[in-house]
Amino acid sequence: MQNVWINGASLPAIGQGTWYMGENPALRAQEIAALQAGLAAGLQVIDTAEMYADGEAERVVGEALQGRRDSAWLVSKVYPWNASEADITGACERSLQRLKTDYLDLYLLHWRGNIPLEETLRGMEKLVAQGKIRSWGVSNFDSDDMEELWAEEGGFSCATNQVLYHLASRGIEHTLLPLCQQRAMPVMAYCPLAQAGRLRQALFDNAQLLALARDKQISVAQLLLSWAIRHEGLIAIPKAGSVAHVQENAAALNITLSAEEIALLDQLFPAPQQRMPLDVV
């Protein structure tokens, strides 16, 4: 099973995303059961945000973690407009209240806004000092943003950058991913199954992907996850709202692709030959 080190913790290279959770009350029990099944299957990382369902996703996670907090490595994200030195503590405390916990393992700036990075960094470091978070990072930062971040005092304390990455969206491979790898900074891949993107059907309906998955006796989703985590230092956080999907995702941790299989995927969905704008959804 492939693991990734983040802030001194060795974590399975597949976690659990929660985007769209908490939006439908009728699905709440199913979502809680899925998160708990994921923890039982070893998917330790749970990623959420104050944005998701206006805080309801955090509440779903909080319910799922009752009596299980020590089994999870918990990530949440702050809105850019809440990331000032004056406002970030209140935003974090509200997330902690919804999550029914007294600390986060990782707190991310959801995307870059108008507040100066140096101010957000000071706020993050205060949260670390107060014990409300154990580490901090960023999300949706391109290579120029990362260079600017690292130039700030304390910028190298950034634990990770969470960005969109899947087989049909490989833009980070040209510049951003190598840059993070050079700094030995892990990357978190959201939507590794193109869950919220326009290219999902292009992947899941692709005849050659379907044939390769069939030959390996795995699903296309497992094929895509095993492909994404082939990079050292990359953790994928697919959302799965059912127990069956979570267990399917967890099984992908033990799937290895051969050099020939990776070459076929490169042929079907080539890596970029030039720098690409950061893809976001």
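Author: Buried means under 20% relative accessible area. The model discussed here is predicted.

Reader: Why does Cys-92 count as buried?

Author: Cys-92 has 0% relative accessibility. The cut-off is under 20%, so Cys-92 counts as buried.

Reader: What makes Cys-92 a residue in no disulfide?

Author: A disulfide needs two cysteine sulfur atoms within 2.5 Å. For Cys-92 the nearest cysteine sulfur, that of Cys-158, is 16 Å away. Cys-92 is therefore in no disulfide.

Reader: Why is the sulfur of Cys-191 too far from that of Cys-180 for a bond?

Author: The closest cysteine sulfur to that of Cys-191 belongs to Cys-180 and lies 18 Å away. The limit is 2.5 Å, so the distance is too far for a bond. Cys-191 is also buried, at 7% relative accessible area. The count for the structure comes to 0 disulfides.

Reader: What makes the contact of Lys-77 and Asp-47 a salt bridge?

Author: A side-chain nitrogen of Lys or Arg must be within 4 Å of a carboxyl oxygen of Asp or Glu. Between Lys-77 and Asp-47 the N to O distance is 2.6 Å, so the pair is a salt bridge. The structure holds 18 salt bridges.

Reader: Which parts does the pair of Lys-77 and Asp-47 tie together?

Author: Lys-77 lies in strand S5 and Asp-47 in strand S4, so the pair ties together parts 30 residues apart in sequence. Strands S4 and S5 run parallel and are joined by 3 bridges. Ile-46 has Leu-74 in S5 as its bridge partner.

Reader: What makes S3 and S10 edge strands?

Author: Strands S3 and S10 each pair on one side only. The sheet is open, with 8 strands in the order S3-S4-S5-S6-S7-S8-S9-S10, and the pairing is parallel.

Terms used: Residues are numbered from 1 along each chain as its sequence is written. This is a predicted model: local features need pLDDT of at least 70, side-chain atom pairs count only at pLDDT 80 or more; totals for chains, interfaces and linings use all residues. Side-chain values use heavy atoms; hydrogens and water are left out. Two strands pair if DSSP finds at least two bridges between them. Helices (H or I, at least four residues) and strands (E, at least two) are DSSP runs, numbered from the N terminus. Buried means under 20% relative accessible area, exposed over 50%, partly exposed in between (1.4 Å probe, protein chains only).
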